[in-house]
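Work through the following exercises with the sequence and the model open side by side. Each task is followed by a solution that goes step by step.

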Protein chains: 4
Amino acid sequence: MPEPIRVTVWGENIHEHRDQQVKEIYPDTMHETIAAGLRADLGDAVEVRTAWLQQPENGLTEEVLAGTDVLTWWGHAAHGDVSDEVVDRVQRAVQSGMGLLALHSAHYSKVFKRLLGTSCDLQWRNAGERELVWTVDPAHPIAAGIPHPLVLDAEEMYGELFDIPQPDELVFVSSFTGGEVFRSGCCYRRGRGRVFYFRPGDQDFPTYHNPHIRRVLANAVGWLAPSEPRALPEVHHRPQPDWFA
Amino acid sequence: MPEPIRVTVWGENIHEHRDQQVKEIYPDTMHETIAAGLRADLGDAVEVRTAWLQQPENGLTEEVLAGTDVLTWWGHAAHGDVSDEVVDRVQRAVQSGMGLLALHSAHYSKVFKRLLGTSCDLQWRNAGERELVWTVDPAHPIAAGIPHPLVLDAEEMYGELFDIPQPDELVFVSSFTGGEVFRSGCCYRRGRGRVFYFRPGDQDFPTYHNPHIRRVLANAVGWLAPSEPRALPEVHHRPQPDWFA
Amino acid sequence: MPEPIRVTVWGENIHEHRDQQVKEIYPDTMHETIAAGLRADLGDAVEVRTAWLQQPENGLTEEVLAGTDVLTWWGHAAHGDVSDEVVDRVQRAVQSGMGLLALHSAHYSKVFKRLLGTSCDLQWRNAGERELVWTVDPAHPIAAGIPHPLVLDAEEMYGELFDIPQPDELVFVSSFTGGEVFRSGCCYRRGRGRVFYFRPGDQDFPTYHNPHIRRVLANAVGWLAPSEPRALPEVHHRPQPDWFA
Amino acid sequence: MPEPIRVTVWGENIHEHRDQQVKEIYPDTMHETIAAGLRADLGDAVEVRTAWLQQPENGLTEEVLAGTDVLTWWGHAAHGDVSDEVVDRVQRAVQSGMGLLALHSAHYSKVFKRLLGTSCDLQWRNAGERELVWTVDPAHPIAAGIPHPLVLDAEEMYGELFDIPQPDELVFVSSFTGGEVFRSGCCYRRGRGRVFYFRPGDQDFPTYHNPHIRRVLANAVGWLAPSEPRALPEVHHRPQPDWFA
């Protein structure tokens, strides 16, 4: 039996208390819903806990991150409230091997922009449009078992230009009722860590209850989990080898 | 003044004689229409000639290829009629530095499949749907001056999965009335040569008369043109350097 | 317990019978040595068989390939003796999901060139030089447990330019006594299948007895094994969706 | 006549005043030497000015950056003295289309790490070793006219692991007397801007007087220059199209 993957599901935890519609869709909060889905779908293969913005150190102490193999991140209304110290810490954790699953509006979180280096800007329209999520890399583990297309009856639209570096692996491309397209499943490697961005998941729609979306998240956790112990490289002076002339 | 780019526009030259609708859209043939567009848009920067399937050696002798910086390829009904010897020749020319602009159903030409190594299969439906061509790499020279989106009122639909290696640079993604998406502008490097695949251009629609499409083709010719003299690498025995121990 | 990975180790099987030096290093042939290493290192996780050039259909019938998850390929003196029909078959198998581990001079095999589309030429010198294999992607599963550098006291030199498409993932870079460098561990995706090229392994040196090299091969088998059932895409007509306007 | 490329050569400007050896190699400072080389090699095709750390706003005001197409950066001893405000400004300029040529120890500058997202750590040894710079992408414009290998008799060694994202295009790989290797010419795209990292150029050696190194820098300026007017994307609300259902 391999060790379980230790997942921390991080939530901004604001819309669920402030907006009636979100409360009704996610009475247990978005992060608890996501966590419950991972537990149900992955069973003993994972150990899932949750953390949120309003906790001390935004819930992401050195200790929590040291015990996290994969961190999922949902934020929207309060990106600026995450402390720079916590962002530094999460970035270092990714560089040392932790996986990061950036969800929906996390495209605009400090840590995602830090890891990518671009503005991460995009176009959007929240009109409850049909989203079709198409697989463009059918052998990718994150796409395993996902319908082609995955149909979401109502979602927020995100459109290109999505200002990101070209993904190392592009897994999904979405289209919307308005005809817009979006690179909606994007893989990156940063240091020893992996990053996956997955577009669907606006707070106004029951997206994280959708079994196919849950499957994508479960697949992503598997792909993001490091296979080797965590390590951060260092600039260091290299001794001369024996054969040095 | 830099030397003009020598372009050879290759056409299969079948639909224009066989199908009444195509005859009406392209009375001068598709390849002559494409060639005329490049001459009009690029002027003295190019020298454009045409070649076609029914000529000796399919119009692509060693001499023609030696004098070609960029070859554009449109084929659909008779991929199998291109001789394997000509395909070998074109592949070697690309490897040595010639640019190849593969148009629409050229995804299924022998030479494109040779250069990519995959099946190049896809999904399709010819129902005269609206195609929206979105730019996902706005600083790419091939996207210069192209509207976002470029709207084609009626085109054949091509949908994912498009079975290609992940492009070195992805420039355009299309959506269609039916909601399908497609990676419609794809850059590859093979040896010293460059390859650009551009999706629009079904014979049943006046796509190559569209000024924005013409601009994409003109931009692509500029990007595909080699900056260095043609050269093919060789397996060769490397002498020992002076410092060899 | 997951199903064992079904590995077929293919050998050209010529040098081992013709060259005294090779006979002494590999009395059981190179392919049987590679196969024995995989069995010893991976145990129940694999089922390993061997096949070779001189068998009917070069040992690679449709049935053999249908039962192969990962094919390893060593060839050098007789690339031209592999039938084109077998090459077509292996290429299709890769496109449908089979992994291919191309070893050393397999850079010049028909099937490797087919899958990559380039000449795959390089520079070489066989002077028994020290090779240092450096890891440039330390979190890659193929590099797990490999020393940095992996030192081979004597090997054939392969030098850049290696005329390949830029790898999807570059894992190893070698240097040699003469100062040459070489991209010696290169990952590609072609269709649903994966390809890994690994440079060391000239017949004149006991490279496949080296435990670190064996570990690379074992790691590569794990990375190359498909996670999904085999499938080949097809060009097909896509029906109109319900929402089609 | 196209407009000249506006180049700003930025120097840290410390070693040249503090270290006798550097003073003797670069009596006019490193940045003035680099600037003079570009002027000599590129003539009317460029307008070159210099800027340095000790100037107000580190010499990189909004006005200077607005008038810069390509910024070259050499820093080593005082990365921390560049103000975060200036780093933000340079990062935004790159995202909007400015090219950045990061030289040698600029791998560890704030702005390079910001754009790449990784630690950018590496191994090093300053023992005046022979560096061989090999071209692995011979058709790349930055490699035009560069010998294979380019030999530097004495340089600082930089070795893998170089903790960077896999380059979008890898142009050069170096080896050193000690047998180490290094990805020494690396291309990235960030937003509308391009980034090129070039390894050679330690202050203790006369590397920027070498005509081949000067040629690489001149080539890089050409590749980095934006072809389109500067523009920064923005998150914006997209109106519904006419066909929206």
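**Exercise 1: a loop residue and its peptide bond**

A:L161 is found in the loop between β6 (150-159) and β7 (169-176) of chain A, where helices (H or I, at least four residues) and strands (E, at least two) are DSSP runs, numbered from the N terminus. This is a predicted model, in which local features need pLDDT of at least 70 and side-chain atom pairs count only at pLDDT 80 or more, while totals for chains, interfaces and linings use all residues. Residues are numbered from 1 along each chain as its sequence is written, chains are lettered from A and ligands numbered from 1 in the order in which they are written, and side-chain values use heavy atoms, with hydrogens and water left out.

Task: determine which form the peptide bond from A:E160 to A:L161 takes, and then examine the bond from B:E160 to B:L161.

Solution. Step one is to read omega for the bond from A:E160 to A:L161, which is near 15°, and the bond is cis. Step two is to turn to chain B, where the bond from B:E160 to B:L161 is cis, with omega near 15°.

**Exercise 2: asparagines in loops**

Task: describe the backbone of A:N13 and of C:N58, and then find which residues B:N13 touches.

Solution. Step one concerns A:N13, whose phi is near 65°, a positive value in a residue other than glycine. A:N13 is in the loop between β1 (5-11) and α1 (15-18) of chain A, and its relative accessible area of 12% makes it buried (buried means under 20% relative accessible area, exposed over 50%, partly exposed in between, with a 1.4 Å probe and protein chains only).

Step two concerns C:N58, which is not a glycine but has a positive phi of about 55°. Its place is in the loop between β2 (46-52) and α4 (62-66) of chain C, and at 9% relative accessibility C:N58 counts as buried.

Step three concerns B:N13, which lies in the loop between β1 (5-11) and α1 (15-18) of chain B and is buried, with a relative accessible area of 13%. Not counting residues up to four places away in sequence, B:N13 touches B:T29, B:H31, B:W52 and B:Q54, where contact means heavy atoms within 4.5 Å. B:N13 and B:Q54 are 41 residues apart in sequence, while their C-alpha atoms are 7.8 Å apart in space.

**Exercise 3: a helix pair in chain C**

Task: work out at what angle α3 and α7 of chain C cross, and which residues meet there.

Solution. Step one is the geometry: the axes of α3 (residues 30-42) and α7 (residues 211-224) of chain C come within 9 Å and cross at roughly 75°. Here axes are lines fitted to C-alpha atoms, for helices over the stretch in contact, and angles run from 0 to 180 degrees between N-to-C directions.

Step two is the contact itself, in which C:I34, C:G37, C:L38, C:A40, C:D41 and C:L42 of α3(C) meet C:R214, C:R215, C:L217, C:A218 and C:V221 of α7(C). By class these residues divide into seven nonpolar, one polar and three charged, with Ala, Val, Leu, Ile, Met, Phe, Trp, Tyr, Cys and Pro counted as nonpolar, Asp, Glu, Lys and Arg as charged, and the others, Gly among them, as polar.

**Exercise 4: aromatic rings**

Task: state how many aromatic pairs the structure holds, and classify the pair of C:F162 and C:Y197.

Solution. Step one is the total, which is 32 aromatic pairs over all chains; rings of Phe, Tyr and Trp (its six-membered ring) pair if their centres lie within 6.5 Å, and planes under 30 degrees apart count as stacked, over 60 as edge-to-face and the rest as tilted.

Step two is the pair of C:F162 and C:Y197, which is tilted because the ring centres are 5.4 Å apart and the planes stand at 55°. C:F162 lies in the loop between β6 (150-159) and β7 (169-176) of chain C and C:Y197 in strand β9 (residues 193-198) of chain C, so the pair ties together parts that are 35 residues apart in sequence. Both C:F162 and C:Y197 are buried.

Step three is the pair of C:F196 and C:F198, with ring centres 6.2 Å apart and planes at 15°, so this pair is stacked.
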